[in-house]
Structure formats: structure tokens, C-alpha cells
Amino acid sequence: MTHWIDTSGTYPWSEPLARDLHKRLVNTFYEPAEIRKLVQSAEAPDWMKVNWNVNPSQIWSEVLDLAHREGSLRDLLQFIVTEERVAKPLTAFINDLLAKRQPPADPGPGGRDGSDFASDVSREEALLFGDDLSESVGDIPELMASITRVMAWRSAVCRLLVTADDGRLWNGTGLLLTGNRVLTNHHVLFPGKTKCSAVSIEFNYENDAAGQKIASHVVPGDVGTIRSDPADDWGVISTSEPLEFAPLDLASNIATPVAAERAFILQHPDGDPKRLAFTRNRIASLTERRVYYLTDTRGGSSGSPVFDAQGKLIALHRAGGEPQKLAGVDPIKKNEGVRMDVIAQAIASADEPSDEGGVE
């Protein structure tokens with residue numbers, strides 16, 4: 001008899017093993033960008049037919065449904081066990097399915113057609129995605145007020161599309177300052193440690209409440225105006241035309257970061273439409289020049305502004321950490337930003353552009 005792994009048609013949600021596979025995949029790959037990268041790399045199923053703007057459980061439901069209809073489910077699972085570093089239990093489970101063996105299945109609810117447990121209580125409560133992102137209800141009013149203050153700078157945050165000297169394209173995030181200047185990281189403007197050849201600056205690159213992109217505004221940056229400091233990883237570039245967006249004035253909108261307080265980040269992670277990171281966003285530690293925080297970022301977030309709860313600028317995000325996928329386990333390395341009081345002083349006293357020394 002042909003195993004359901006090798007058949008095509010509707011994914012067999014009524015099968016306990018099929019529901020168990022779905023739950024195991026959700027528990028292992030729970031970031032939409034991570035799932036999309038996996039499916040693209042596996043070339044199974046057609047990733048262009050998947051809606052990536054839903055939660056991970058829905059994404060995996062669509063992926064499994066589509067893979068089963070296309071007859072590419074075996075290819076997807078084979079890619080996961082051979083190319084992805086996954087836990088031994090998941091590897092063993094998938095290998096059993098691929099070998100048409102009958103691994104033990106978790107009979108619990110899952111998928112659209114999964115039946116419920118007979119008892120009222122299925123299992124102990126769990127942190128479904130490895131982190132407790134809930135907040136004390138007593139903190140919510142101030143959190144909402146803080147989000148409002150930070151969102152006041154929404155239009156000043158922009159996406160940068162940087163063309164490197166070798167023609168490759170890089171994403172970054174920037175912040176509009178007074179004088180039609182955009183602040184970002186040195187390494188964004190100097191990809192591969194060489195000054196970029198062109199910068200495209202896009203404002204209002206974001207989605208509305210319905211998930212649809214709003215009209216954005218793109219202006220070129222003047223590469224000849226770049227001033228930067230590799231040591232503290234900041235850079236400014238002027239736009240080639242005046243802008244109508246409200247800029248942030250460094251002289252009146254900077255604050256000193258405080259350990260254990262919140263760090264909000266307006267950003268373009270992975271070059272995607274603008275997002276605000278506002279959960280699990282506490283500052284872990286400080287040094288004279290750096291801020292370390294737990295706020296989530298991704299590639300493309302480099303150059304993002306970091307705000308405190310009062311909507312004041314406290315840092316310029318520059319580097320990612322190394323997260324753990326285990327609840328209660330502290331990240332090996334926190335996300336990192338350069339203190340804005342350090343950068344503001346350097347910008348104010350910057351000399352004319354130079355090929356040598358700190359400020360370029």
C-alpha cells in the first residue's frame with residue numbers, strides 16, 4: 001500500500017502522524033522568514049504560492065497542503081533531515097516517515113481536522129515559541145503610551161538599498177536627521193569595507209492595517225557627502241533633494257540609556273516593510289559606548305534607531321546576537337547598539353570628509 005508521504009492530493013490531516021509532523025515542524029521552525037528560506041532552498045513546494053503573512057502554524061499548514069498536492073512532500077522532508085540542523089527526535093521521526101515505518105505519534109489536536117483529547121486537560125501549559133512574550137497587565141497602559149511616543153518618529157525611519165562597489169545590493173535602515181541627512185551604520189554605507197557606489201533611500205515603505213503596502217517615496221543619497229566612523233559604526237549621508245518628512249533633531253531628542261528599561265526599535269528587518277520591536281525589549285547591560293538589549297532584530301535592521309519609553313533616541317543598532325531556542329535560557333550574546341550620546345557628539349564635531357583617520 002502506498003504511504004501517504006508519496007501520494008498527492010489533500011494533506012491527510014485526519015492521520016495522527018500527519019498532524020504530529022505539522023506540530024513538530026511548527027515547534028522547530030517558528031519564524032516566517034526562517035520557514036520561507038527553508039522552502040525556497042528545498043525548492044519544494046512552490047514558495048511563491050504560500051501566504052507568508054500569517055502565523056507559523058498557518059504557514060506550515062499551507063506548506064504541507066501545497067507540498068502534498070504537488071507531490072513534493074518527500075523532497076521537502078528529505079531536505080530538512082539532510083540540510084538543516086534539527087533535533088535528533090525530529091530527524092528520527094522524519095526518517096521513519098521517509099522509510100515508511102510507523103513512528104510513535106502524538107495523538108493530540110493539530111491541523112484543521114485534528115480531533116481533540118478525550119479529557120479536559122491535554123498537557124501542561126507551554127511557551128509555544130520558546131519565549132514568554134506576555135506582559136504584566138499593570139505595564140500595558142505605559143507600554144501603549146510608549147509605543148505612541150516612539151511611533152511619532154515612524155515617518156523619519158527609512159529603508160536603504162545600498163549598491164556595493166562590486167555591484168551587489170545590501171539592505172539597511174536609516175533615520176532622517178535635520179539638514180536632509182540620514183543616519184545609519186558605517187558598515188551599511190561601506191559594505192565589504194569599501195564605500196558604496198549608490199544609495200537608494202525609501203520612506204514610508206510599510207504596510208497598512210490590511211497588510212497592503214502604502215505609497216512610498218524614494219530619493220537618492222549623495223555618496224559624496226558620506227561622513228562615517230568605523231570604530232563606532234555610524235555614518236551619515238545627505239539626500240539629493242529636499243524632503244517633506246519630519247526629521248529628528250539630535251540636539252533635543254537624545255536620552256541616556258538605563259539598564260533594565262525598554263529599548264524600542266523601528267526597523268526594516270530583512271529589507272521588509274517597517275516593523276516595530278516592542279516585546280521582550282529590555283536593556284541587558286551598558287558600557288560607555290555600547291548598549292546591549294534583548295529586542296529582536298534581523299539582517300537589514302542595521303542602522304535602526306533605538307528609542308526609550310519616552311520616545312527619546314538612545315542608540316543606533318549595529319549588530320545581532322545569538323539567540324537560544326529554549327525558554328528560560330539567556331541569549332549567548334545580546335543585540336548591540338552604539339550609544340547615541342556618543343554618536344551625536346561625534347557628528348557635531350566631525351571634520352570635513354577625509355580618507356584617513358576616524359571620521360571619513
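This tour moves through a predicted model of one protein chain, naming at each stop what to select and what is found there.

**The whole chain**

Of the 360 residues, 43% count as buried. Among contacts with a separation of 6 or more, residues 24 or more positions apart account for 64%.

**Helix 1**

Select residues 16-28, which form helix 1. This helix has 13 residues and spans 18 Å from its first C-alpha to its last, close to the 18 Å expected at 1.5 Å a residue. Display the side chains next. The buried residues of helix 1 include L17, L21, L25 and V26, and also R19, D20 and K23. Which helices do the buried residues of helix 1 pack against? Their partners are helix 3, helix 4 and helix 5.

R24 lies over the face of F93, at 4.1 Å from the ring centre.

**The aromatic pairs**

Turn now to the rings. The model contains four aromatic pairs. Select W4 and Y11, one of these pairs, whose geometry is edge-to-face, with 5.9 Å centre to centre and 85 degrees between the planes. W4 is buried because its relative accessible area, 11%, is under 20%. Y11 is likewise buried, with a relative accessible area of 2%.

Next select F29 and W60. Their ring centres are 6.2 Å apart and their planes stand at 50 degrees, so the pair is tilted. F29 lies in the loop between helix 1 and helix 2 (32-42), while W60 belongs to helix 3 (residues 56-70), so the pair ties together parts that are 31 residues apart in sequence. Both F29 and W60 are buried.

**The salt bridges**

Display the charged side chains. The count of salt bridges comes to 19. Select D6 and R74, which form a salt bridge whose closest N and O atoms are 2.6 Å apart. This pair links distant parts of the chain, with D6 in the segment before helix 1 and R74 in helix 4 (residues 73-83), 68 residues apart. Are these two partners buried or partly exposed? D6 counts as partly exposed at 34% relative accessibility, and R74 is also partly exposed, with a relative accessible area of 24%.

Move to R262 and E135, where a salt bridge brings the closest N and O atoms to 2.9 Å apart. This pair, too, links distant parts of the chain: R262 is in the loop between strand 6 (234-239) and strand 7 (264-267), E135 is in the loop between helix 5 (88-98) and helix 6 (140-151), and the two are 127 residues apart. R262 is buried, with a relative accessible area of 7%, whereas E135 counts as partly exposed at 25%.

E142 is partly exposed, with a relative accessible area of 41%, and R149 counts as partly exposed at 28%.

For the last stop among the charged residues, select D232, D233, R289, R290, R318 and E336 together. Salt bridges link these residues in a network.

**A glycine in a loop**

Finish at G211, which lies in the loop between strand 4 (198-203) and strand 5 (217-229). G211 is partly exposed, with a relative accessible area of 37%. G211 and P273 are 62 residues apart along the chain, and their C-alpha atoms are separated by 9.9 Å.

How values were computed. Residues are numbered from 1 along each chain as its sequence is written. This is a predicted model: local features need pLDDT of at least 70, side-chain atom pairs count only at pLDDT 80 or more; totals for chains, interfaces and linings use all residues. Side-chain values use heavy atoms; hydrogens and water are left out. Rings of Phe, Tyr and Trp (its six-membered ring) pair if their centres lie within 6.5 Å; planes under 30 degrees apart count as stacked, over 60 as edge-to-face and the rest as tilted. Buried means under 20% relative accessible area, exposed over 50%, partly exposed in between (1.4 Å probe, protein chains only). Helices (H or I, at least four residues) and strands (E, at least two) are DSSP runs, numbered from the N terminus. A charge sits over a ring if NZ of Lys or CZ of Arg is within 6 Å of the ring centre and within 35 degrees of the ring normal. Contact means heavy atoms within 4.5 Å. A salt bridge is a side-chain nitrogen of Lys or Arg within 4 Å of a carboxyl oxygen of Asp or Glu. The expected span of a helix is 1.5 Å times one less than its number of residues.
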